Amino acid sequence: MSEHNYTVAELAERFGLAFQGDGARRISGVGTLASAGPDQLSFLSNSKYAAQLKATRAGVVVLREENLADCPTAALVAPDPYVTYARLAALFERLPAAPRGVHPSAVVAGGAKVSASASIGPHCVIEDGAVVEDGAVLGPHCIVGPGCVVGAQSRLVARVTLVTRVTLGRRVLVHPGAVIGSDGFGLAFERDHWVKIPQLGGVRIGDDCEIGANTTIDRGALEDTVLEEDVRLDNQIQIAHNVYIGAHTAMAGCAAVAGSAKIGRYCQIGGNAGVLGHLELADRVTITAKSLVTHSIREPGEYSSGVPLQDNRQWRKNAARFKHLDEYARRLSALEKDSNDE
Amino acid sequence: MSEHNYTVAELAERFGLAFQGDGARRISGVGTLASAGPDQLSFLSNSKYAAQLKATRAGVVVLREENLADCPTAALVAPDPYVTYARLAALFERLPAAPRGVHPSAVVAGGAKVSASASIGPHCVIEDGAVVEDGAVLGPHCIVGPGCVVGAQSRLVARVTLVTRVTLGRRVLVHPGAVIGSDGFGLAFERDHWVKIPQLGGVRIGDDCEIGANTTIDRGALEDTVLEEDVRLDNQIQIAHNVYIGAHTAMAGCAAVAGSAKIGRYCQIGGNAGVLGHLELADRVTITAKSLVTHSIREPGEYSSGVPLQDNRQWRKNAARFKHLDEYARRLSALEKDSNDE
Amino acid sequence: MSEHNYTVAELAERFGLAFQGDGARRISGVGTLASAGPDQLSFLSNSKYAAQLKATRAGVVVLREENLADCPTAALVAPDPYVTYARLAALFERLPAAPRGVHPSAVVAGGAKVSASASIGPHCVIEDGAVVEDGAVLGPHCIVGPGCVVGAQSRLVARVTLVTRVTLGRRVLVHPGAVIGSDGFGLAFERDHWVKIPQLGGVRIGDDCEIGANTTIDRGALEDTVLEEDVRLDNQIQIAHNVYIGAHTAMAGCAAVAGSAKIGRYCQIGGNAGVLGHLELADRVTITAKSLVTHSIREPGEYSSGVPLQDNRQWRKNAARFKHLDEYARRLSALEKDSNDE
C-alpha cells in the first residue's frame with residue numbers, strides 16, 4: 001500500500017495548497033466527515049455538513065479558509081474543496097492492473113492496428129480496420145469493430161462494444177455494457193411493411209467524454225452522431241442517430257435524445273428526461289428529471305414538465321379532472337363574462 | 001471498392017426506375033442533398049428540403065416526377081423516393097465479412113446444430129440443444145442458449161444473448177447487448193418474503209423483426225412471449241413476459257410493455273412510452289412519446305398523456321395548482337350554481 | 001424426463017398438501033387452466049379465472065378449499081395456491097447443466113479464489129482478488145472484477161459484469177447484461193469543465209436478491225451502495241451510487257433511483273417510476289408506474305403522479321390549458337370574491 005500513502009505535507013505540496021496542523025500525518029485513503037479515521041482524508045464543501053466537521057475523526061480535511069477555525073484536525077485549504085477533493089481522491093484509487101500488450105485469449109484481426117503501449121484484456125475482439133492508440137486500456141470482453149478508433153489513453157472498462165465507424169478521442173472513459181455505433185433506427189414504410197434505411201454514418205466522440213454503463217449511442221444514417229469534448233453521460237442513456245451534443249453537457253441516468261436533435265454546450269439533462277427528434281437546445285439549458293422536451297429551446301434556463309406526486313386517492317381525483325381542463329377553462333371564461341355583463 | 005460502384009444507368013435498370021441525365025456517371029456512395037458530391041447519390045422525399053435540391057452537387061438524386069424540373073444533376077424517378085433510396089443505399093453498405101464456419105475461439109456444445117453455411121464469430125457460445133440455421137451470422141460474443149433457434153439468414157450483430165427457449169424467424173436482425181429469453185419478473189408474496197415463479201415459457205420472434213441495442217425481451221411464465229413478423233424495436237426497449245406484439249408494429253427507444261399486454265398490428269409506440277400489464281391495444285394505434293397507457297384501446301388513432309414543457313418557474317406554479325384541480329372543479333361548479341340561482 | 005415426473009400423491013406428500021382425486025396420475029409439467037393437458041399441473045389463484053376451472057383438462061389443479069367442488073380433475077389444496085404453485089413449478093424447470101469446475105476457455109487470475117464446487121462457464125473472466133463461493137454458477141461471459149465476491153449458491157445466468165468491490169450474498173440471481181459496481185456518476189464543475197470524482201465505495205447485495213437483465217447498479221462514491229436481502233429488481237433498472245434499498249422491496253422494469261436515496265423495506269416501485277436523489281421512502285410505500293418521487297415519503301401508502309391518457313386531439317386541448325392553470329386558479333378566486341362581495 002506504500003504507493004497509496006502520503007503525508008499531509010506531501011499532499012499540500014503536490015496540489016499547491018496551504019495546510020494547517022500535523023504535516024507529518026500519513027494518509028492512506030478517503031472517507032466522509034462522519035466515517036473517516038485518522039489515516040483518512042475527508043472534505044467539507046456543502047455547508048450543510050459543517051456541523052460534522054467539529055466532530056470528525058479524519059486525519060485531514062479539505063475545506064475553505066472560512067471553515068478552518070472549526071477544524072479539529074489537520075486541514076488543507078482550497079477555494080473549491082470538492083474539485084480539490086476529486087484530484088486528491090484520485091491518488092487513492094486502485095485501478096486494476098492493465099499490462100501492456102494483448103491477452104492471449106483476445107482475437108486481433110490481421111488488419112487491425114494496436115499500439116504496443118495499449119492493453120487489450122481477455123477475450124477482446126479487435127476487428128479488421130480497427131485502431132487502438134497509445135496507452136489505451138481495454139478491459140475484458142471489449143469489441144472494437146471495423147473502422148473504429150480508440151484514442152490514446154482512453155479506457156473501455158469491460159464489455160464495451162464499438163460497432164462500426166466509431167471514433168473515440170483521447171482519455172474517453174466507457175463503462176461496461178455500453179454500445180456505441182449500433183444502427184440508427186431508420187425505417188421507411190412501403191404499403192404494408194417496413195424497409196430498413198441503411199445506417200452509413202458513424203459516431204465521433206470528443207476528448208475526455210465519459211459514457212455510462214449500458215448506454216447506447218447509434219451511428220448516423222448518412223452523417224455522424226457527434227459528442228463534442230467533455231460530454232458526460234450516465235448509465236442507460238439512449239442517443240439516437242445524428243444527434244449532436246455540445247461540449248461539457250452532462251446527462252443523468254436513463255435520459256434519451258431522439259434522432260437529429262442538437263443539444264448545446266454546458267447543458268444539463270435530468271434523469272429519464274427526453275428530447276424529441278430534430279429539436280435544438282441552446283447552450284446552458286437545464287431540463288429537470290423526467291421532463292419531455294417537445295419544442296426547441298432558444299434561451300438558457302431551467303425547463304420542466306410533469307405533475308407533482310400525491311397520495312394515490314387524491315391524485316386520482318385530480319388526474320380525472322385533467323381530462324376536462326379545457327372545458328373548465330371555457331366555463332370559467334363564461335362565468336367571468338356573465339359577471340362582467342351584470 | 002469496385003463492388004460498390006455503379007453507373008446511374010445500372011442503378012436505374014437494377015431497380016426498374018426511369019432516369020434523366022448522364023447515365024454513365026459512376027456512383028460509389030450516398031449523402032445528403034447538402035453534402036453529397038458528384039460520385040454520390042442523394043434523395044428528396046420530404047418537400048421541406050426542396051430548396052436544397054436546386055443547389056445539390058450530388059451525382060444523382062432519387063426524387064418524384066414532380067421535382068424533376070428542379071434537379072440540376074442526374075435523377076432517378078420513383079413514386080416513393082425514401083423507400084427507393086433505402087434499397088439503393090443498401091448497395092453501398094459495407095457489412096463486416098462473415099466467413100462461413102465456426103471461429104476457433106467459439107465454444108459449440110456437442111448437442112448444438114450449426115448449419116455449415118452459418119458464420120459463428122469469435123467467442124460465441126452455442127449451448128446444447130441450440131440450432132443455428134442456414135446463412136445465419138453471429139458476430140463476436142453471442143450466446144445461444146438451450147432450446148434456442150436462430151433462423152436462416154438472421155444476423156446477431158455482436159454480443160447478443162438468447163437465454164432459453166427463444167426462436168428467431170428468418171432474417172431477424174438483433175443489435176448488440178440485446179437479451180432475449182431472460183426470466184420474466186414473476187413473484188408471489190408469502191407472509192414476509194418473495195417466492196420466485198419459475199418462467200417456463202419461451203419467446204417466439206417472427207421473420208424480418210429487428211431488435212435494438214440493449215433491448216430486453218423476457219420469456220413467458222407458462223406460454224410464450226410473441227412478436228409477429230416485421231416488428232421493429234429500437235434500443236433499450238423492455239418487453240415483459242407473455243407480451244404479444246402484432247406484425248409491423250414499431251416502437252421507439254426506451255418504450256416498455258408490461259406483462260401479458262397485447263399490442264395490435266401496425267401500431268407505433270413512441271419513445272419511452274409505457275403500456276401497463278394485461279391491456280389490449282387495437283391495430284393501428286399510435287402512442288406519443290413518454291405517454292403511459294393505463295387502459296385498453298379499442299379504436300385506431302393517436303393517444304397521448306403528459307403536460308407541456310415550460311420555464312421551470314412558470315411550471316412550478318402550474319404544477320402546484322394541479323394538486324387542487326378537483327377542488328377547483330368543485331368551486332367552479334358551485335359558482336355556476338350560484339350564478340344560475342340568482 | 002424421469003426426474004421431472006411425479007404422481008399427484010408424491011406432489012401432495014412432498015409439499016404437505018391435502019389432495020383429492022386420482023393420486024396415481026403422473027404429472028410432468030405445468031400449464032394454464034385453459035391450456036394444460038392431462039399430464040400437466042395448473043392452479044387457480046385469482047377468482048377471475050374461476051370459470052376456466054370447470055372446463056380445465058389439467059391433470060391436477062392447485063386451489064383453495066372453497067374451489068374444490070368446482071374442480072373436474074384431481075386437486076391439491078393450498079391456502080395460497082400461487083405460492084404453492086411457484087414451489088411446485090420449480091420441480092419442472094430444466095436449468096441448463098452447470099458442471100463443477102472451470103471451463104477451459106475461462107480466464108481465472110492467479111490471485112482469484114474459486115470454490116471447487118462452483119461452475120465457471122465458457123469465456124468467463126475472474127480477476128485478481130475475486131472470490132467465487134461454494135456452489136455458485138456463472139454462465140458464459142461473466143466477469144468478476146477485483147474485490148468482488150459471488151456468494152454461495154448464487155447464479156449469474158450469463159454475461160453478467162461485477163466491476164469492482166461488489167459483494168453478492170447467498171442465492172443471488174443475476175440476469176444477463178446486468179452491470180453491478182460500475183462507477184457512480186460523480187462530477188465536480190471547475191470553471192469551464194468537469195472533474196471526475198473517484199468512486200471508491202462498493203456494492204453490497206444481500207441474500208436472495210434478484211437482479212434483472214441489463215439492470216445497472218453503481219458502486220458508491222465513498223461508502224457502499226446497498227441492497228438488503230430479498231430485493232427484487234426487474235430489467236433495465238438504474239440504481240445510482242450510495243442508494244440504500246430495504247429488504248423485500250421490489251421494482252418493476254425501467255425504474256430508476258438517483259444517488260443516495262434511501263428506500264424502505266417492502267416497498268413496491270412501479271415500472272419506469274423514478275426517485276430523486278437523497279430522498280427517503282418509508283417502509284411499505286408503493287409508487288405507481290411512471291411516477292416521479294420528488295419529496296421524501298414518511299407514511300406507508302400508494303403514491304402517484306402523471307395525467308391520464310386521452311385521444312391526442314382532446315389531450316392537446318387540455319395540455320395547452322395546463323400552462324395557464326395558475327392563472328385559472330387566480331381568476332376563480334377573484335370570481336368567488338366578487339360573488340361574495342355582491
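Which residue is the bridge partner of Tyr303(A) in strand 39 of chain B? I looked this up first, and found Asp311(B).

**Ground rules.** I am working with a predicted model, where local features need pLDDT of at least 70, side-chain atom pairs count only at pLDDT 80 or more, and totals for chains, interfaces and linings use all residues. Residues are numbered from 1 along each chain as its sequence is written, chains are lettered from A and ligands numbered from 1 in the order in which they are written, and side-chain values use heavy atoms, with hydrogens and water left out.

Strands here are DSSP runs of type E with at least two residues, helices are H or I runs of at least four, and both are numbered from the N terminus. Two strands pair if DSSP finds at least two bridges between them.

**The interface.** I next checked contact (heavy atoms within 4.5 Å): 76 residues of chain A touch 69 residues of chain B. I noted a buried area of about 6000 Å² between the two chains, with 63% from carbon and sulfur atoms. That is the accessible area (1.4 Å probe) that two parts lose on being put together, summed over both. Phe185(A), Trp194(A) and Leu222(A) supply 12% of what chain A buries against chain B, more than any other three residues.

I found four salt bridges across the interface of chain A and chain B, each a side-chain nitrogen of Lys or Arg within 4 Å of a carboxyl oxygen of Asp or Glu. I looked at Arg321(A) and Asp326(B), whose side chains meet in a salt bridge at 2.7 Å, N to O.

**A hairpin in chain A.** Trp194(A) turned up again here, as the bridge partner of Phe189(A) in strand 23 of chain A. I saw that strands 22 and 23 of chain A run antiparallel, joined by four bridges. They form a hairpin with two residues between them, and Arg191(A) in the turn has a positive phi of about 55°.

**Rings.** I searched the whole structure and got 18 aromatic pairs over all chains. Rings of Phe, Tyr and Trp (its six-membered ring) pair if their centres lie within 6.5 Å; planes under 30 degrees apart are stacked, over 60 edge-to-face, and the rest tilted. Phe43(B) and Tyr82(B) have ring centres 5.6 Å apart and planes at 35°, so I logged the pair as tilted. Phe43(B) lies in strand 5 of chain B and Tyr82(B) in helix 3 of chain B, so the pair ties together parts 39 residues apart in sequence.
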